[in-house]
Amino acid sequence: MSTQNKFIPAKGIAALAAKAPLKPFSFERREPKEHDVLIDIKFCGICHSDIHQARDEWGGSAFPMVPGHEIAGIVAQVGSKVTKYKVGDHVGVGCMVDSCRHCSSCEAGLEQFCLEGMTGTYNGVERGTTIPTQGGYSNKITVDENYVLRIPKNIPLDAAAPLLCAGITLYSPLRHWNAGPGKKVAIIGLGGLGHMGVKLAHAMGAEVTVLSQSLNKVEDGKRMGADHFYATSDPATFEKLASSFDLIINTVSAKMDWNLYLNLLKLDGTLVVCGVPSEEVPVGAFSLIGGRRSLAGSLIGGIKETQEMLDFCDKHKVACEIEVISADKINEAYERVLKSDVRYRFVIDMATL
Ligand code: NAP
Ligand code: ZN
Ligand code: ZN
């Protein structure tokens, strides 16, 4: 018996063309297949990547596009062979909804690096079909249980939503490059990703410095766990902090001079690029060879590590600082993100769709 051709009506907010304001949009979700979970989405965070893609700043965007990959909701229905979730569970979905499941990356639990390409939660295509994937600015989503995360009951769903992208995107490099006691970690940019970086690095026991454009967010940064806070608009910052850090994570969405920041690394330190500006950034050989420094990148995290991050946040009482908005405020929220005027993540309440 096949249920593949049945669909469930869904509503959301979509960009119908690059740079067009987002608007209410009706579409369909697939009826759960054997291994699928149907989720009633309660909240979805607004990641800067949503804006990059809705405005086609990286190229290749497909429209209409329902963005959103910081999804938190409640299981509404499960397929006949689902074993991990039951109706009523608090669950999340992040940046991917599928991958090949058999390549070396998938087998290592690093599905984000699937050699056949992970299936993006939106702006992608469902594997083996031509059906576009649509994201979390919507009231329902159907996802294979293997790409669904369990949200601990103690973390409210609205504050949990941004963990599914902002949280894991910082948790993964902090773990990979061993942030912890005795390590000096700097986070560039105190936005959605950056504020999670501060909280997570602090919870891991590292000494944390924020490098922000100004000192406007200093109180917030310290409250989140930063030990030090510097303005990058002040040239003295770069003199004072030369050769200081084991690890610097760059979360900035715009082009900037990475060479200046490489110079802040200690011997054998690493600058990890997480922010994705649309322009290429030149890097000088001298910035790297002097202190045997590394320039690296990191992309979200695998499913297993994302669950580990959620459980870490539960244990260490880490959650996102959010401003909940109604769906009709989406275009205003985008403009505020672009002005770095967000404290520290917008989350859409899907009850207002
Ligand atoms: P966000 O909330 O807008 O935060 C970015 C922060 O960067 C701002 O709050 C601001 O912090 C700083 N900033 C902005 N413009 C700047 C400029 N011109 N010069 C210097 N600093 C500037 O964005 P987000 O959602 O955290 O995302 C950040 C970037 O990461 C985006 O490019 C996004 O696409 C990317 N991303 C990557 C991954 C991944 O897996 N690698 C995952 C998610 C997102 P201050 O006010 O403190 O300076
Ligand atoms: Zn994101
Ligand atoms: Zn794979």
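Modeller: The shell around ligand 1 divides into twelve nonpolar residues, 14 polar ones and two charged ones. In this predicted model, 28 residues lie around the ligand, and His48, Leu190, Ser212, Lys217 and Arg345 come nearest.

Now look at the oxygen atoms of ligand 1. One oxygen atom is 2.8 Å from a polar backbone atom of Leu193. A polar backbone atom of Gly192 is 2.9 Å from an oxygen atom of the ligand. For Val276, again with a polar backbone atom, the distance to a ligand oxygen is 3.0 Å. How much of ligand 1 does the protein bury? Taken alone, the ligand exposes 920 Å², and the protein buries 90% of that.

Next, the elements. Helix H5 (192-203) and H1 each give two or more residues to the shell. H1 provides the largest share, three residues.

Helix H1 spans residues 48-54. The zinc ion (ligand 2) is coordinated by Cys47 through SG, His69 through NE2 and Cys165 through SG, at 2.0 to 2.2 Å. Along the chain, these donors follow the spacing C-x21-H-x95-C. Cys47 sits in the loop between strand S3 (36-45) and H1. His69 sits in the loop between H1 and strand S4 (71-78). The two are 22 residues apart, and the pair links distant parts of the chain. Both Cys47 and His69 are buried.

How values were computed
Residues are numbered from 1 along each chain as its sequence is written. Chains are lettered from A and ligands numbered from 1 in the order in which they are written. This is a predicted model: local features need pLDDT of at least 70, side-chain atom pairs count only at pLDDT 80 or more; totals for chains, interfaces and linings use all residues. Side-chain values use heavy atoms; hydrogens and water are left out. Donors are N, O and S atoms within 2.8 Å of the metal (3.2 Å for Na, K and Ca); water is not among the atoms, so sites may look incomplete. Helices (H or I, at least four residues) and strands (E, at least two) are DSSP runs, numbered from the N terminus. Buried means under 20% relative accessible area, exposed over 50%, partly exposed in between (1.4 Å probe, protein chains only). A residue is near a molecule or strand if one of its heavy atoms lies within 4 Å of it. A polar contact is a pair of N or O atoms within 3.5 Å; within protein, one must be able to donate a hydrogen and the other to accept it, and residues adjacent in sequence count only if both atoms are side-chain atoms. Accessible areas come from the Shrake-Rupley method with a 1.4 Å probe; for residues, only the protein chains shown count as cover. Ala, Val, Leu, Ile, Met, Phe, Trp, Tyr, Cys and Pro count as nonpolar, Asp, Glu, Lys and Arg as charged, and the others, Gly among them, as polar.
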